[in-house]
Amino acid sequence: MSDNQQTTKNYKDTVFLPNTTFPMRGGLPQKEPEIMARWERLDLYKKLRKERKGREKFILHDGPPYANGHLHIGHALNKILKDVINRSQSMMGKDANYVPGWDCHGLPIEWKIEEEYREKGRDKDEVPIEEFRRECRNFAAHWMNVQSEEFQRLGVLGDWKDPYYTMKFESEAIIAAEIGKFLMQGSLYRGSKPVMWSPVEKTALAEAEVEYNDHTSTTIFAKFELIECPIEALIGNFIVIWTTTPWTIPGNRALAYGKNIDYIVVLIKRVTDTSLALEGQTIIVSELLFENICAQCGILEYKVKNKLKGHELKGSIANHPMAKAGYDHTVPLFDGDYVTTEQGTGFVHIAPGHGPEDYDLAHIKNGIEVPDTVNENGVLMEHLPVFSGLHVLRDNLKIAQIMAEHDGLIGIGKLTHSYPHSWRSHAPVIYRNTAQWFISMDTDGLREYALSALAQTLFYPVAGQRRLTSMIENRPDWCLSRQRAWGVPIPVFVEKKSGKPLKDQKVVDRITSIFRTEGCDAWFTSPPSRFLGENYDPDSYEKVNDIADVWFDSGSTHAFVLEQREDLHSPADLYLEGSDQHRGWFHSSLLESSGTRFKAPYKGVLTHGFVLDEQGRKMSKSLGNVIQPQKIIQQSGADILRLWVVSSDYYDDLRIGTEILKRQSDHYRRIRNTLRYLLGALDGFDNLQSVQFDKMPELEKWVAARLFDLDKTIKEKANIYDFHAVFTELHDFCNGDLSAFYFDIRKDMLYCDAIDDESRRAALTIMDMCFKSLVAWIAPILCFTADEAWFAYTKNDEDSIHLCEYQKIPLGWENSELIKKWSKVRSIRSEVTTALEKARIESKIGGSLQASVKLSLPEEEATHLSGIDLPTLFITSDAQIVISKNSKIKVEVNLAVGDKCGRCWKILPEVITNDGICKRCEEVVTAMV
RNA sequence: AGGCGCGUAGCUCAGUUGGUUAGAGCGCACGACUGAUAAUCGUGAGGUCGGCAGUUCAAAUCUGCCCGUGCCUACCA
């Protein structure tokens with residue numbers, strides 16, 4: 001026994017074991033920054049540009065993230081996916097130039113600055129606009145830098161030294177010029193629209209600046225006398241509405257009914273002493289709500305005269321409740337599909353200036369003019385009869401009483417309900433009709449252009465096309481203006497006399513060129529005469545002080561990035577963002593480009609889902625399930641995060657959590673160890689001669705055929721951005737084909753055959769190709785690890801795998817017959833391993849080399865094994881075949897006969913008479929001395 | 001509430017035009033090896049394919065309803 005051990009030890013030095021500097025464990029959190037530093041030193045991005053110069057370009061245009069905070073996991077997903085795509089396109093030989101960008105203007109940054117002011121006790125309105133804008137600019141610049149670092153730490157390769165951003169002077173100039181195009185072609189127009197308005201701050205508010213608190217409103221039941229109706233008997237009866245905002249009555253221009261709602265026509269017979277309802281009058285209200293109305297309006301006795309469905313009122317016209325007091329316009333009735341019978345009367349009064357739905361139904365759908373009734377202080381305007389000077393928040397009871405005096409009501413009440421308030425002052429807000437600038441969807445055919453552009457765009461996944469299309473089909477005109485400070489101004493002058501915007505390309509050009517050198521601050525700091533030039537009198541023109549919707553900024557990136565940079569082109573090959581951007585960037589970019597260039601700025605659109613936690617819940621601070629990418633990078637490394645991206649179905653929502661990340665680390669180790677084994681085996685291969693393909697053993701040819709197929713599949717999948725499939729293929733190849741099969745079988749040959757034996761060299765030749773192929777295939781995904789492995793292989797500090805392309809696999813390696821054959825071989829092999837396991841459980845054998853197998857199998861199965869060395873295939877010491885008539889394969893396992901070779905550990909009869917070593921090993925060892 | 005999606009083993013995913021006992025990898029359990037060793041190899045156990053109903057000789061796959069969930073709108077007189 002001790003003899004044997006000593007012998008074994010002696011032979012160990014004669015075995016060619018794998019040897020490599022590439023460690024088993026990645027230590028990614030430490031290693032990755034080192035690799036980044038090398039990329040930096042090599043100037044990898046520039047070097048790659050030089051390397052790919054003149055090649056076909058692939059342009060994935062970066063959707064700009066908003067520069068106001070650290071990255072979250074969604075950013076990481078987005079940028080990693082972009083990087084994987086860019087790197088894979090580069091590996092396929094294209095010049096995939098990636099220019100990252102940032103969105104800098106807009107409300108959230110304004111808020112932050114305002115917040116800082118509040119902390120210092122300063123009033124925003126007293127700060128000069130240029131100072132305020134300067135602080136916004138500094139804020140955005142700060143976060144751009146932070147995010148840039150964080151993105152680069154993810155391994156994202158791009159032009160980080162010269163990115164684009166919307167607040168760059170040149171960008172601002174071109175954004176203004178783009179607005180100028182809409183102005184010149186006539187689709188930019190001034191209209192009006194109800195927006196959230198705070199009478200206290202005298203300013204428009206964004207949706208996010210509004211909070212909902214309880215508020216007690218005076219409610220009224222107002223009556224509208226029918227003067228025209230398809231059911232003639234109803235003329236002279238009263239439609240009753242209920243509202244919580246009596247101040248909107250002067251702005252009433254229509255009524256809405258629900259076409260399927262059941263209404264009743266009721267004669268009022270007796271009422272309470274205090275009731276405002278009049279005995280003998282006939283009202284029309286919802287049948288369902290009538291009881292409630294009686295209670296609130298003091299109706300004691302009544303008679304139902306008739307019943308009808310809402311649609312029977314189609315085409316009716318009523319008088320305003322204050323018709324006799326000067327409100328003598330007619331009030332048409334429309335079908336409002338949003339009318340419900342949850343509360344009120346089943347009729348809704350429509351004031352197009354004071355609610356989005358009202359605006360939509362009356363103005364958009366039915367062309368009713370929107371009246372101006374409320375000024376910026378929340379006071380009803382001078383031109384209004386009776387109500388002029390009353391305040392919309394304070395005087396509602398007074399308004400109700402006046403209406404009651406004019407016999408316009410049947411009841412007054414009170415209601416406490418959730419109501420929007422200003423985030424800043426906590427005062428109630430109202431919807432107020434405000435002048436706004438719009439881009440028309442239809443006057444210049446914008447909708448048509450956009451829709452036909454969409455039809456020609458490739459979507460990944462295809463569902464995105466329908467989603468965007470239906471949005472474009474249904475959307476109203478683009479409201480371009482914001483009553484804000486931090487953004488690109490709408491660079492328009494309005495002629496005071498005519499109220500029309502000034503359309504002069506020379507003025508637009510002047511504005512653009514000033515913005516280009518000074519930024520668009522100039523709009524706010526320079527006298528109008530500078531822009532107007534000599535042909536226009538500044539006193540006759542009003543300068544528009546609104547800024548543009550920031551979606552217009554980012555929607556114009558194709559104009560100031562893709563078209564401007566020599567190293568890019570438009571349209572981009574791909575836009576890639578989260579699925580929320582159907583409403584956002586995909587949408588605004590499409591409209592901007594369709595309006596000015598009559599085509600989409602992209603050939604393809606890829607959307608990914610949102611990142612959820614391990615249970616599929618959305619991440620939120622309150623749930624405490626937010627996972628920060630920085631933390632994952634610290635603990636596991638960016639390559640693990642990158643692996644997570646490609647092992648998920650990113651078209652759908654993705655989940656992340658501890659178990660999921662643990663699985664990624666498992667997958668990572670498997671791929672890393674495969675590379676490590678290849679590197680170890682290839683140690684010293686550069687001193688050996690490689691072997692011609694046709695001289696290789698069949699098993700090596702099979703590996704070659706697998707490489708060929710894999711190469712084809714990976715390129716196909718990469719071209720349709722299906723990296724989940726790429727990853728699966730790669731993992732299965734490393735796992736199933738190499739580690740569990742090919743490597744396992746070839747260990748004996750690699751370790752024990754003569755170092756320069758032809759078969760051994762053939763194996764190494766193919767393993768060399770495996771390594772070079774694999775490392776390139778994984779490079780777009782595991783960008784750090786691939787480069788680390790590449791360095792361990794080349795020992796060249798000046799090189800990077802990211803400068804390479806995918807290995808060219810010789811056409812002659814394709815062999816589908818061989819693939820088919822070896823799939824059969826492997827299923828027979830699996831029968832053997834199962835039988836070996838059974839013998840192991842019975843303690844017949846331990847390692848498979850202790851076994852000798854005899855398999856009986858039908859002739860046609862046996863033919864698959866012809867020419868294959870069976871003990872090698874099964875990793876046993878002996879194996880024989882017996883042809884049987886039974887269609888089932890039978891495997892008999894016995895102990896191999898002979899002694900164990902001290903070097904190769906096979907059990908062979910020859911070892912007994914050969915001094916503890918087999919003949920092959922003896923020859924090899926002898927030759928070594 | 002509406003529009004667009006999603007729901008297959010503990011986890012990540014395959015499942016072509018409906019067609020045998022629903023697949024893979026990981027994890028897990030058990031075992032082997034100790035010459036890929038904080039590795040490697042083998043074997044095995046895991047699923048009423050979200051639920052219910054229907055169409056059909058046959059449904060994870062088609063239809064309807066419901067439940068859960070995500071994105072985008074709308075949350076109102």
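**Notes on a predicted protein–RNA model**

1. Let's start with the cysteines: the disulfide count here is 0, where a disulfide is a pair of cysteine sulfur atoms within 2.5 Å. Cys-734 is not part of one, and the nearest cysteine sulfur, in Cys-770, sits 9.0 Å away. If the word is new to you, a disulfide is a covalent bond between the sulfur atoms of two cysteines. Cys-734 is also buried, at 0% relative accessibility; buried means under 20% relative accessible area, exposed means over 50%, and partly exposed is in between (1.4 Å probe, protein chains only).

2. Before going on, a word on how to read all this. This is a predicted model, in which local features need pLDDT of at least 70 and side-chain atom pairs count only at pLDDT 80 or more, while totals for chains, interfaces and linings use all residues. Residues are numbered from 1 along each chain as its sequence is written, chains are lettered from A and ligands numbered from 1 in the order in which they are written, and side-chain values use heavy atoms, with hydrogens and water left out.

3. Now for the RNA. There are 62 residues around RNA strand B, and Thr-243, Val-348, Arg-466, Ser-647 and Arg-676 come nearest; a residue is near a strand if one of its heavy atoms lies within 4 Å of it. Of the atoms of RNA strand B that come within 4 Å of the protein, 77% belong to sugar and phosphate.

4. Who makes up that surface? By class, the surface near RNA strand B has 25 charged, 20 polar and 17 nonpolar residues. For this tally, Asp, Glu, Lys and Arg count as charged, Ala, Val, Leu, Ile, Met, Phe, Trp, Tyr, Cys and Pro as nonpolar, and the others, Gly among them, as polar. The largest share, 11 residues, comes from α23. β9 (238–243), α12 (463–474), α21 (658–681), α23 (723–752) and α26 (816–841) each supply at least two residues. Helices (H or I, at least four residues) and strands (E, at least two) are DSSP runs, numbered from the N terminus.

5. For the phosphate, an N or O atom in the side chain of Arg-676 is 2.4 Å from a phosphate oxygen of RNA strand B. For the sugar or linking oxygens, a polar side-chain atom of Asp-652 lies 2.9 Å from one of them. For the bases, Arg-467 has a side-chain N or O atom 3.1 Å from a base oxygen.

6. Have a look at helix α3 (residues 44–51). Leu-44, Tyr-45, Leu-48 and Arg-49 are buried in it. They lie on the same side of α3, because they cover an arc of only 140 degrees around the axis (the arc is that of the directions from the helix axis to the C-beta atoms). Their cover includes α2 (28–42), α4 (73–91) and β3 (95–96); contact here means heavy atoms within 4.5 Å.

7. Asp-95 lies in strand β3 and is buried, with a relative accessible area of 6%. Its side chain makes a polar contact with the side chain of Arg-49, at 2.9 Å. A polar contact is a pair of N or O atoms within 3.5 Å; within protein, one must be able to donate a hydrogen and the other to accept it, and residues adjacent in sequence count only if both atoms are side-chain atoms. Leaving aside neighbours within four places in sequence, Asp-95 touches Arg-49, Arg-52, Arg-55, Glu-56, Lys-57 and Phe-58.

8. Most residues other than glycine have a negative phi, and most peptide bonds are trans. Asp-43, in the loop between α2 and α3, has a positive phi of about 55 degrees without being a glycine. Val-386, in the loop between α9 (356–365) and α10 (396–405), has a phi near 70 degrees. Cis peptide bonds join Tyr-460 to Pro-461, with omega about -5 degrees, and Ser-570 to Pro-571, with omega about 0 degrees.
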